[in-house]
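Hi,

Here is the structure I promised to pass on to you.

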Amino acid sequence: MITFDAATGIFHLQGKHTSYFMQKNEQNHLFHLYWGSRLAKRLPDYVLKEIKRASYIADTDHIKEYKLERLPQEYPAFGNSDLRKPAYQLTFQNGTQISDFRYTAHEITKGKPGLEGLPSLRESDDCETLIIKLHDAYQQMDMFLFYTLYLEADIITRHIELKNTGTTAVEINQLNSACVELPSSDLDLMHLSGSWARETHIQRTPLSQLNYRVESTRGSSSHEHNPFIALMDKEATETAGSVYSMNLVYSGNFEATVDVEMQDAVRMQIGINSSLFDWQLQPGKSFVSPEAVLVYSQHGLQELTHKYHRAYQNYLLPPKFAQQERPILVNSWEACYFDLQEEALLELARSSKELGVELFVLDDGWFGHRDDTSSSLGDWFVDRQKFPQGLEHFIAQIKQIGLDFGIWVEPEMISEDSELYRQHSDWCVEVPGRLKSYSRGQFVLDLTNPAVQDYLIETLSELFQRYDIDYVKWDMNRSMTEAGSNALTSSQQKEFYHRYMLGLYRVLAKVTEEFPEILFENCAGGGGRFDPGMMYYMPQTWTSDDTDAIERLAIQEGTSLIYPTISMGAHVSQVPNHQIGRVTPLNTRGVVAMQGNFGYEMDLSALGSAEKQKIKDQIDQFKLIRSTVQLGKFYRLAVPNKENAKAWLFIDEQQVVISYVQIHAKPNSPSKRLRLIGLEPEALYQLPTGEKRYGDELMAFGLAIDTVKEDFYSQQWVLKKEEDA
């Protein structure tokens, strides 16, 4: 899997279908040679020698014409003869920022080390780790480059550890988790962008000689940009072309950059956002960067998706829930908002149970005296006016109805009108003497403060121990402003954002480890923190606060690019839609929500008998396909007009589920067919009509789409695979 040739200095990370080469030269600098489709055990030591623009001559005292700028570096430094964007930058006690790390040793081991205080992919039986040690002799610093190769998943994870072996403190200004150089800029940049209620829209931009930056400065990975970046062949499609990608296992401020330099080479990097980061590394101490996941596909976006989905489901999601079907839920939010009346909630629960729902979720408004967004965050005790006999009594009634029980919390926030604020106003994120911005009626708790972390661990543990809770929706509803801490020294204030994330991860680790049976759902105003870091602790995420079926098409398409279906929350809401007022058919809302973890955001008790029957049928249908959707293989399908329609497919050993949604109807349209992919060519599949067709026919000719005579139309097929074709 991972080999090193001492004669040439070449490292080869050879996966199932990919290869990654790098080389150390006589001066012990480390260079990137290749990342792409799998090569045999070659030793391409001619690659560096044949770079015409990079000659160098060395002797024992100095180096002449040694232009690092002209060479593809593996982890480039600041301040030497490479004037491009560095992967790291340090400031030393004498005020200089020049570093020179050279190779001293390496180790290849079975398995994978964890990252202290940070989430990361778990090890597997088929992974190996390469650890390359670099040393700066002048400043007495060690740097360790970690590469873990997962053979079957065919991915590489990377992170950096920096250790101060000197006698004075060193300031880390930047420390990216991964850097890769590609020889040509004839590529497109792909990333996922948007806003609240409009997350993860796929963006594709041709590269030119320019510096590209995808980032978050909001204190979380953000609605604006996902911590993901990819470079792809200009002709790349779902099924063809090379794609090079990075995804950061981190939930805070990040930066993903692509720099096209004057010689047309490309440098792609990802890591903590350097504009909002500094770290004082004291003598004898180490700093560990977050982990980056590197995925290469030689067969377009679909193969990229399958590699991410397989890796995250097998090695990132909490193991208990990774292969466990999710319950169908009803959430009280869009049904009731803050107007929580016990009898009305119980009626909603009874109606939901009759229709086939399995989990009842009590959303915001159950605690303190919370009647709107202006109060009570931090006061995690029940509102006795809404639940006179206590939450235990209410939960017991929900359980008696036959439903599991879930609850909403927003632990990282605090209201000015709360008992907690009156006792600990200094626990807010703030810069003393400066204005504190009040957003959504709340402040952010200072999770850099160990006392705040301990309080949350103790309070949440008491809450989850006291009540019979099966599911927790963990929300976070505002960005960070005036970022500072009363618990940090002046020299540590620039460390605030990263220390916040370390504090959050400590809280999440303690709580989820103590309550392994609870299904935790991550939420940040929807998909504002849908990232691999949160997925390590919480096996699913509320994909977006926008529940409109048509808006969800693009949101769920972008999310599906890297995150597995079983991690995506997707619900049917009532119409007119609460976010944009659109009216869509119940069938279409159901088909779209069946792309993820299915549920309802509506008052099911207020519906007429005909609509209730439709929902019951919808739930019955999802129960038949749930395993295929949540545990099967996922494909995005080509459609006749991709701007006006979306289609996707799930497949497992027993069945195939195909969904098609067309946004607008058009008059006098020709007959259209939907070609399938991923089927067994010689297998026989039974259509809903009872007809039987072979897999190769369905992939060649496809399924006939019904004539569309209305906007927001949907169609779904379930094909059963014949055992004896």
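**Contacts of Phe360**

Setting aside neighbours within four places in sequence, Phe360 makes contact with Val330, Leu345, Leu348, Ala349, Phe394, Ile398, Leu403, Asp404, Phe405 and Gly406. Please keep in mind that this is a predicted model.

Where does Phe360 belong? It is part of the largest nonpolar core, which has 159 residues. Together with Trp366 and Tyr600, Phe360 touches the most other members of that core. The biggest contribution to this core, ten residues, comes from helix α9, which covers residues 496-514. There is also a second, separate core of 31 residues, with Leu121, Tyr150, Val249 and Leu561 among its members.

**Domains**

The protein chain is split into domain 1 (67-316), domain 2 (329-631) and domain 3 (637-721). Between domain 2 and domain 3, the C-alpha centres are 34 Å apart. In the contact between these two, domain 2 takes part with 20 residues and domain 3 with 16 residues.

**Cavities**

How many cavities of 30 Å³ or more are there? The count is seven. The largest cavity holds about 160 Å³ of space, and 16 residues line it. Nearest its centre are His29, Leu30, Gln73, Tyr75 and Phe101. Sorted by class, the lining of the largest cavity consists of nine nonpolar, five polar and two charged residues.

I hope this helps you find your way around.

Best wishes

Definitions and conventions: Residues numbered from 1 in each chain as written. Predicted model: local features only at pLDDT ≥ 70, side-chain atom pairs only at ≥ 80, totals over all residues. Heavy atoms only, no water. 1 Å grid on protein atoms, 1.4 Å probe; cavity = no way out; pocket = protein on both sides within 12 Å on 5 of 7 lines; lining within 4 Å. Points joined across faces, edges and corners; volume = space filled by probe spheres on them. Nonpolar A, V, L, I, M, F, W, Y, C, P; charged D, E, K, R; others polar. Core = buried A, V, L, I, M, F, W, Y, C linked by side-chain atoms within 4.5 Å. Buried < 20%, exposed > 50% of the residue type's maximum accessible area, 1.4 Å probe, protein only. Helix = DSSP H or I, 4+ residues; strand = E, 2+ residues; numbered from the N terminus. Contact = heavy atoms within 4.5 Å. Domains from an automatic or database assignment.
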